[in-house]
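Here's a quick tour of the model on your screen. Have a look at it first, and then we'll walk through the packing, the ligand site and the annotated positions.

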Amino acid sequence: MAIEHPSFGKLEDDRIIFFDTTLRDGEQSPGFSMNLEEKLRMAEALADLGVDVIEAGFAIASPGDFDSVKSIAQRFSKDGPVVASLSRAHQADIMRSVEATKPAARPRVHIVLATSDLHMRVKLRMSREEVLESIASSVGLARNHAADVEWSAEDGSRSDIDFLCRCVETAIRAGATTINIPDTVGYSMPEDIAAIFRALRERVPGAEKVIFSAHNHNDLGMAVANTLAAVRAGVRQIESTINGIGERAGNASLEEVAMALRTRRDVLPFRSNIVTTSLLRTSKLLATITGFDVQPNKAIVGRNAFAHESGIHQDGVLKDASTYEIMTPESVGWTTNSLVLGKHSGRAAFRDKLRALGYPEIGDNQLNDAFRRFKDIADRKKVVYDEDVAALVDDEVLRAHD
Ligand code: KIV
Ligand code: ZN
């Protein structure tokens, strides 16, 4: 069933909203803070990537954060993504977010309050009734100033489900238009996440009028799986970051969620505005800005994501790439896949490398000799570079002429 949303208008049921929090939750990872100019560059790249909502910062956190949120809001004063600022359920926080996001064509105030018994007792020192009152008053205040208000239940996935239903009902009554249930500490399994969203959608009056959102941390490496489980349970906004950066082990990686949705349309029949061919470029920009490269085996954007070393795989890929690639490298922004020569490589990849390096076809005997010597080198080195291959073949050709 379509939903009428203050920022997006009519939203069809198969539309997934990408909420990017690289500039807020992502920036909260140690060593990843960005200055104003860097945040603006990232915001531009995120808009080009097609994200629907940019969480630009936590306006009350510092004057610098306020300025970043405001500058990003000014940048998107005509069109482009919704610009959000995080706030605790305090009047001062909310008013700072309202002020910072105001220049945006489509501003969003995001409010977070913990709902698990542990967080309420130890951190907030508030009773359940006090939390409910705070939700009603904070969301109500935000709605007096902004049409688009997101409410998040911090540690929502570890909250008592009956109480969580009451919290969500209160937030909806007070005017929240998006309800986000974070797995703040990355504790949940996909079935847990699905069960929570199903319960909320079935039990809370007014649930059909709002967008549910998932925000999963990666402490057990489950963030992407949990996000996809949430989508299958009716969530239509997913919160993620470029390269999966974020508090501790990070957040769900935007590029992985986007490509899972695209590659597995058979089980995830949804649409988004993400321009997947810009994924690599955006990932690289973030790595350059922060100085942290992604690990080589990172899905989609890691340098090995489309690299093949073993002979069996290289042979298959040379015959038909779909034998070992479930998506094309071009679809995420790589120009090509790569066959890396190492001790597991076979004759087919070796011959292919010679062709790529511009060598004329050599006879089988010469190829066999060169290949044998290549294997000796490969046993000694982790990767055999183009220069090693060139030296080896030149030597082989010279020998043949002796
Ligand atoms: O992980 C979390 O609970 C959060 C909220 C502020 C949304 O980042
Ligand atoms: Zn978070």
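Start with F197, which touches I181, F212, A230, A233, G234 and V235, not counting residues up to four places away in sequence; a contact here means that two C-beta atoms, placed from the backbone, lie within 7 Å. F197 and I54 have the most contacts inside the largest nonpolar core, which has 91 residues. Apart from that core lies another one, of twelve residues, with V317, V384, V389 and L392 among them. A nonpolar core is a set of buried Ala, Val, Leu, Ile, Met, Phe, Trp, Tyr and Cys residues joined through C-beta atoms within 7 Å. Buried means that 20 or more other C-beta atoms lie within 10 Å of a residue's own, exposed means 12 or fewer, and partly exposed is in between, again with C-beta atoms placed from the backbone. In soluble globular proteins, nonpolar side chains tend to be buried together.

A word on provenance: this is a predicted model, where local features need pLDDT of at least 70 and side-chain atom pairs count only at pLDDT 80 or more, while totals for chains, interfaces and linings use all residues. Residues are numbered from 1 along each chain as its sequence is written, and chains are lettered from A and ligands numbered from 1 in the order in which they are written.

How confident is the predictor? The mean pLDDT of the chain is 96, with 99% of its residues at 70 or more; pLDDT is the predictor's confidence in each residue, from 0 to 100. Confidence is highest in strand β7 (residues 149–154), at a mean of 99, and lowest in helix α14 (residues 386–401), at 79. For the complex, the ipTM is 0.99 and the pTM is 0.95.

The chain has 14 helices and twelve strands, taken as DSSP runs numbered from the N terminus (helices: H or I, at least four residues; strands: E, at least two). Of its 402 residues, 45% count as buried, and the C-alpha trace spans about 90 × 40 × 40 Å along its principal axes.

Now for the ligand. Around ligand 1 you'll find D25, L86, V112, S152, E154, N180, P182, T184, H215 and H217, each with its C-beta atom, placed from the backbone, within 6 Å of the molecule. Strands β7 and β8 (178–183) each supply at least two residues of this shell.

UniProt, in an unreviewed entry, lists D25, H215, H217 and N251 under "binding site"; such annotations may be inferred rather than shown by experiment. These positions are spread over 227 residues of sequence, yet they cluster in space, with a largest C-alpha distance of 10.3 Å.

H215 is found in strand β9 (residues 211–216) and touches S152, N180, P182 and E239, leaving out residues up to four places away in sequence. N251 is in the loop between β10 (237–240) and α9 (254–263). Beyond four places in sequence, its contacts include D25, H217 and E239.

| Residue | C-beta neighbours within 10 Å | Class |
|---|---|---|
| H215 | 30 C-beta neighbours | buried |
| A105 | 14 C-beta neighbours | partly exposed |

A105 touches F76, S77, K78 and D79, not counting residues up to four places away in sequence.
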